[in-house]
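Subject: Structure for you to look at

Hello,

Here is the structure I said I would pass on. Please open it beside this message and follow along; my notes come after it.

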Amino acid sequence: MDPPRVLVVEDFEDLRKLVAFYLSARGYQVLEAANGRTAIKTAINGKPNFILLDLRLPDVNGLEVARELRKSPQMEHVPIVGWSADLRSSPQREALRRAGIVDYLQKPIKLKDLDAIIERFLSKTQQQH
């Protein structure tokens with residue numbers, strides 16, 4: 001069985017590389033995107049099992065990316081977890097849910113918390129298949 005594929009969408013390269021390195025070491029196959037447009041293309045072509053989506057991207061915001069991905073049948077059931085450092089402007093959970101984002105992490109995150117949330121959602125999606 002192939003290792004689960006995780007798409008990490010984050011415009012801050014050092015953070016994206018750190019998370020990608022950590023997840024690779026944990027046995028995941030990691031896809032990366034630095035902006036919203038790349039995230040959409042990478043998700044459609046790379047068929048990730050889980051998406052960690054920065055909500056503040058330089059081109060298209062995370063909610064738009066999630067909405068766009070949810071239009072694709074192959075992305076319908078892929079868990080998308082939003083993350084952001086900006087609590088003041090953090091969107092309401094309702095707006096996240098409507099966009100198709102299943103959970104939210106506040107930056108800075110603990111890597112073990114990220115690991116736990118990926119495990120939780122991947123075990124759910126595997127039960128559905």
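Asp 115 lies in helix H5, where helices (H or I, at least four residues) and strands (E, at least two) are DSSP runs, numbered from the N terminus. With a relative accessibility of 7%, Asp 115 counts as buried; buried means under 20% relative accessible area, exposed over 50%, and partly exposed in between (1.4 Å probe, protein chains only). Setting aside residues up to four places away in sequence, Asp 115 touches Tyr 22, Arg 26 and Tyr 28, and contact means heavy atoms within 4.5 Å.

Before going on, a word on the source. This is a predicted model, in which local features need pLDDT of at least 70 and side-chain atom pairs count only at pLDDT 80 or more, while totals for chains, interfaces and linings use all residues. Residues are numbered from 1 along each chain as its sequence is written, and side-chain values use heavy atoms, with hydrogens and water left out.

The sheet

Strands of a sheet pair through backbone hydrogen bonds, either parallel or antiparallel. Here 5 strands form an open sheet with parallel pairing, in the order E2-E1-E3-E4-E5. For the pairing, DSSP must find at least two bridges between two strands. At the edges are strand E2 (29-33) and strand E5 (103-106), each of which pairs on one side only. From one strand to the next the twist averages 20 degrees; for such angles, axes are lines fitted to C-alpha atoms, for helices over the stretch in contact, and the angles run from 0 to 180 degrees between N-to-C directions.

Which strands does E3 pair with? Strand E1 (residues 5-9) pairs with E3 in the parallel sense over 4 bridges, and Val 6 has Phe 50 in E3 as its bridge partner. E3 is also joined by 4 bridges to strand E4 (residues 80-84), and these two run parallel. In that pairing Leu 53 stands opposite Gly 82 in E4, and the bridge partner of Asp 54 is Trp 83.

E4 in turn pairs with E5, again in the parallel sense over 4 bridges. Gly 82 stands opposite Tyr 104 in E5, and Trp 83 stands opposite Leu 105.

Are the residues of E3 and E4 buried or exposed? In strand E3 (residues 50-54), 5 of its 5 residues are buried. In a regular strand the side chains alternate between the two faces of the sheet. Phe 50, Leu 52 and Asp 54 are on one side of E3, Ile 51 and Leu 53 are on the other, and all are buried. E4 also has 5 of its 5 residues buried: Ile 80, Gly 82 and Ser 84 are on one side, with Val 81 and Trp 83 on the other.

The helices

Helix H1 (residues 13-25) lies across E1, E2, E3 and E4, and runs at about 170 degrees to E2. H3 lies across E3 and E4, at about 150 degrees to E3.

Two packed helices are described by the angle between their axes and the distance between the axes. Helix H2 (residues 36-46) and H3 pack at an angle of about 25 degrees, and their axes are 10 Å apart. That makes H2 roughly parallel to H3, because angles under 35 degrees count as roughly parallel, over 145 as roughly antiparallel, 65 to 115 as roughly perpendicular and the rest as oblique. The residues that meet are Gly 36, Ala 39, Ile 40, Ala 43 and Ile 44 in H2 and Val 65, Glu 68 and Leu 69 in H3.

Arg 37 is also in helix H2. Leaving aside neighbours within four places in sequence, Arg 37 is in contact with Asp 59 and Val 60. The C-alpha atoms of Arg 37 and Leu 69 are separated by 11 Å, and these residues are 32 apart along the chain.

Two places in the loops

Lys 47 is in the loop between H2 and E3. Although Lys 47 is not a glycine, it has a positive phi of about 45 degrees. Lys 47 is partly exposed, with a relative accessible area of 44%.

Where is Pro 108? Pro 108 is in the loop between E5 and helix H5 (111-128). A cis peptide bond joins Lys 107 and Pro 108, with omega about -5 degrees.

Regards
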